[in-house]
Amino acid sequence: MNKTDLMAKAPSIAASMAASALSPGVQLPQTRYRAALVSSWDIPAGASVLEVGCGQGDMTAVLAEAVGPQGRVVAVDIADPSYGAPVTLGQSAKHLKATPLGSRIDFRFGLDVLDEAVTFPDSGFDYVVLAHCSWYFASLDPLRETLARVRRWARNLCFAEWDLAPRSADQLPHLLAVLIQGQIEVSGSRGEGNVRTPFSQESLLRVLPATGWHPAPGQAVDTTALQDGDWEVDACATLLDSVDRMAELPKTVRDLVLSQADVLRSLAKERGNTPLPAYSLTARRA
C-alpha cells in the first residue's frame, strides 16, 4: 500500500480503536502520525511483522492495514492486559480484534521477548517494529539485549522514538518532563510510567551496530499535531506530587529534581505544549 492510500485510510483505522469513541479528536492525529511512519518504512502488502511494545495497538492497527489480508502482525507487550487507562490494553485489543483488521493480528500480552522460553522461528518475520516503546525499558541494557535477540527473528528493523534534541523553545516543557521522569527512575524510585530511560538518537545509533543491525540514515518525523507534550507534562506533575515516589529519592537528587520542576512549571502551558520532534529509521540485519 502506498503512502497516499494508507494516509487516506487513517480515519477508518482510527475508528477501529476503542479509544476513538472516547476522544476521536485525539485518536485521529495519533493514527495519522503512525500511518506516516509505516508509509516511510515501505512495508509491503503480504509482509509478516513482529511488533515489540505494541501497547494499546495504535501502531498495530496501522501495520495490519499496511500488510493487507495476506499479511500478519504479531503484536507483543510485556504489560498485563489490565494495564492502561482510560482503556486497558486488553479492552483495546478486544475491540480491534472485532474489526476487519482483527484477523491479521495476534496480540500477546504479558510476554517478555528476553524470556528464554519465548521464541519465534529464525527469520520468521520480514520486519520487527519498535515504535515509541524504547523509553519504557528500565535501561539501555535490556533494549540492547532485545535488539540483539529479535535480530534472529526478522531481517529488517523499523524504529521510531522521540528525539531529545528540541528544535524550538516551545518544546522545552516536553523535554524537561521526560528528563525529570527519567532522572527519578534512574535514581531508584521505580514506577510504571511510559518514560523510564529517555535516551538520544545518537545513543541508539551507537547501540545498533553492536547488536548486529546496519541502520540507514534516520529522518525527522512531524509530531506537531500530537498531544504527547501535554501528556508528559501531566505525567511529570503527577509524579512530582507523589509523596511516596519523591521520598524514595536521595535528598540531593530530590533537591535537583524539585529545582528542575520549578523551571518546568515556569515554561509549561496548561494545554498546548508542543511535543518534541521524533525520528524514524530502518536497519537491515548484518
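Guide: Helices (H or I, at least four residues) and strands (E, at least two) are DSSP runs, numbered from the N terminus. By that numbering, A169 lies in the loop between strand 5 (154-162) and helix 8. Residues are numbered from 1 along each chain as its sequence is written. This is a predicted model, in which local features need pLDDT of at least 70 and side-chain atom pairs count only at pLDDT 80 or more, while totals for chains, interfaces and linings use all residues, and side-chain values use heavy atoms, with hydrogens and water left out.

Visitor: What makes A169 count as exposed?

Guide: Buried means under 20% relative accessible area, exposed over 50%, and partly exposed in between (1.4 Å probe, protein chains only). A169 has 60% relative accessibility and therefore counts as exposed.

Visitor: Is Q201 buried or exposed, and how do you know?

Guide: Q201, which is found in helix 9 (residues 201-210), has a relative accessible area of 16% and is therefore buried. Not counting residues up to four places away in sequence, Q201 touches D163, G218 and Y279, where contact means heavy atoms within 4.5 Å.

Visitor: Why are helix 8 and helix 12 called roughly antiparallel?

Guide: Axes are lines fitted to C-alpha atoms, for helices over the stretch in contact, and angles run from 0 to 180 degrees between N-to-C directions. Angles under 35 degrees count as roughly parallel, over 145 as roughly antiparallel, 65 to 115 as roughly perpendicular and the rest as oblique. Helix 8 (residues 172-186) and helix 12 (residues 251-267) pack at about 165°, with their axes 9 Å apart, and they are therefore roughly antiparallel to each other. The residues of this contact between helix 8 and helix 12 divide into 13 nonpolar, two polar and no charged, given that Ala, Val, Leu, Ile, Met, Phe, Trp, Tyr, Cys and Pro count as nonpolar, Asp, Glu, Lys and Arg as charged, and the others, Gly among them, as polar.

Visitor: What is the angle between helix 10 and helix 12, and why is helix 10 called oblique to helix 12?

Guide: The axes of helix 10 (residues 228-240) and helix 12 cross at roughly 140° and come within 12 Å. That angle makes helix 10 oblique to helix 12. In this contact, V233, C236 and L240 of helix 10 meet V257, A261, L264 and R265 of helix 12, and the residues divide into six nonpolar, no polar and one charged.
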